[in-house]
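Trainee: Could you take me through one part of this model up close, the sheet with its charged pairs, and then show me how it sits in the rest of the chain?

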Amino acid sequence: MVRLPIAAAITMELKDSLLIGQLLIEAGIVSALDLEKGLKEQKRTGEFICTTLVGLGLSKEDAIMPILAKHLNIPYVKIKDLNIQPEVISKVPAKFAIHYKLMPVRMEGNEITLAVTDPLDVHTFDDLKLLLGFEVKPALAGEKDILEAIHRYYGVGAETLERIVSEKAADRTLPTGIEKTEDLETLAEDASIIKFVNQLLAQALSERASDIHIEPFEDELRVRMRVDGILYDTPIPPTIKYFHQAIVSRIKIMANLNIAERRLPQDGRIKVKLQDSELDLRVSVIPSSFGESVHVRLLSPVFFLDLEKLGLLEDGIKKIEQVIKKPHGIIFVTGPTGAGKSTTLYAALSKINSSHVKIITVEDPVEYQLRGVMQIQMLPKIGLSFAAGLRSILRHDPDVIMVGEVRDYETAEVAIRASLTGHLVFSTLHTNDAAGAITRLLDMGVEPYLVSSSLECLIAQRLVRLICPECKVPVVLSQKALKDFGLPEKSAAVQLFAGRGCPACKFSGYRGRTGIYEILLMHNTVREMVLQKASAQQIKRKAIELGMRTLRDDGWQKVLKGLTTIEEVMRVTQQEGVLE
């Protein structure tokens, strides 16, 4: 039997949940009322009383664990502060770590130290001694800390892949580059592969990822997730490389793609239900030198349809509400891919959506379903382009039209002429700023008089990361930093904030995103400049004189409010240069 480093009398006493609770009351960690609630729940679940108290939110792990460790005379460890060696991890299979909720932290001779949440579970330690073949020494750690460490060190789906490898090795069918479609289909339908793909999607959802990238290389398979616009490597077991094609095939089956076709790009969609949330996934598969690469875009189930929730300042909301209530004209939202243009368009449509207004959209793809709005999916393969769809829409008596994107002269001309014939048109363009959209339309070949008379508003936008609320601290900015930002006239004494970095934000200092906006209203002066084919810079300068706030200036307002940092605003607006 494993001998725990505590006195027998204390061990017997502390096995009683009531006595452990009394110990926590005496230390001022919980109240008697809280303990009573915890004991009722603990009786129902059978969990360790400390785990129950934390789960109910009656106390925090950081408060309970040091007190408990001291009285049990065993070490308390914060695993996130440790650098655990790979050879220590290799001594404990993933299935044991996950099943028993433990983490190996140290190896000395024939003794291994395991971080656990319940160090009094002697039977588990007896089992582990037999299973691992080592003397086992317990250390106390928080459950959340242990689960995060298992994910970080073992990787997503480690237990699942470990089981597949052992099963395939036993019957000598470990894949080494499967070519037969029937074999691929069988392996893709294997319960373990299905479970691994589901685990990957669940992990992406829990981390608020917008994209998953599965990328094959010569001797490894890399998985990355984009969180708040930044790509992060996802820890996965190295054995995943053996199941690359099976994982790709599983995703193809889910997206109704051809698993036998590996030479051509394929696109599809998946609808799944994860953690009580319905997810719409867009899948793209492309061939590469070492196999097929997969990109999965996760369309969030939490979708903001309120202009007030997008990060617009009060005067910006008023300007947009003013133009979207006009009976006709065209409104463009501009910015790079992933800048939140679709979200802004949907929020604007939602604002004016009613039983008295007929709204039709043509999109590629239809990202979100809007109740009461007729939405058309573009299908270029059968000739349903933006321009063709737009022409058909005009025969259905719409009041408001949304065109997913203006990519060419034909679409631009039809959209602009539609706006001149009594329709309110929304669309997007890929330009760096609001004024640049005007010159882009002229470059496409649209006549200046059409642009001048149809345009009502141009909105440029970017997404900036928000400072993590868990590790937000005040900072003082130097005059040099302000000058680099392009605002030397501002005082360096203003109180700003930044994130130190913590586990909640992946040590980036940021968590979540909001928008920064540049709203150019078409005043008569600006319309005249368009007719004279003025440059984008001249139009922008005049718009600033007329009260337009640039992307950087809007970003500066978010910085002053303590929402983001100057570095983040500079990162997404670096092509603007210094404001004039």
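Mentor: Let's start at arginine 269, which counts as partly exposed at 32% relative accessibility. On that scale, buried means under 20% relative accessible area, exposed means over 50%, and partly exposed is in between, with a 1.4 Å probe and protein chains only. Keep in mind that this is a predicted model, so local features need pLDDT of at least 70 and side-chain atom pairs count only at pLDDT 80 or more, while totals for chains, interfaces and linings use all residues. Residues are numbered from 1 along each chain as its sequence is written, and side-chain values use heavy atoms, with hydrogens and water left out.

What does arginine 269 pair with? Aspartate 280 forms a salt bridge with arginine 269, and the closest N and O atoms are 2.5 Å apart. The pair ties together parts that are eleven residues apart in sequence, because aspartate 280 lies in strand 8 (residues 277-288) and arginine 269 in strand 7 (residues 266-274). Aspartate 280 itself is buried, at 12% relative accessible area. For the cut-off, a salt bridge here is a side-chain nitrogen of Lys or Arg within 4 Å of a carboxyl oxygen of Asp or Glu. In general, side chains of opposite charge can pair when their charged atoms come close.

Strand 7 and strand 8 pair in the antiparallel sense over nine bridges, and valine 272 has leucine 279 in strand 8 as its bridge partner. Two strands pair if DSSP finds at least two bridges between them. Strands (E, at least two residues) and helices (H or I, at least four) are DSSP runs numbered from the N terminus.

Zoom out one step and you get six strands in an open sheet, ordered 6-5-4-9-8-7, with antiparallel pairing. Strand 6 (230-233) and strand 7 stand at the edges with a single partner strand each, so one side of each has no neighbour in the sheet. From one strand to the next, the twist averages 20°.

Two helices lie across this sheet. Helix 12 (residues 191-206) lies across strand 4 (209-216), strand 5 (221-227), strand 7, strand 8 and strand 9, running at about 140° to strand 4. Helix 13 (residues 244-254) lies across strands including strand 7 and strand 8, and runs at about 45° to strand 9. Axes are lines fitted to C-alpha atoms, for helices over the stretch in contact, and angles run from 0 to 180 degrees between N-to-C directions; contact means heavy atoms within 4.5 Å.

Lysine 351 and glutamate 308 meet through their side chains in a salt bridge (3.1 Å, N to O). That pair links distant parts of the chain, 43 residues apart: lysine 351 sits in helix 15 (residues 341-352), and glutamate 308 in the loop between strand 9 (291-299) and helix 14 (314-324). Lysine 351 is partly exposed at 39% relative accessibility, and glutamate 308 is partly exposed at 43%.

Glutamate 314 and lysine 318 are exposed.

For context, the structure holds 27 salt bridges, and the protein has 24 helices and 18 strands.
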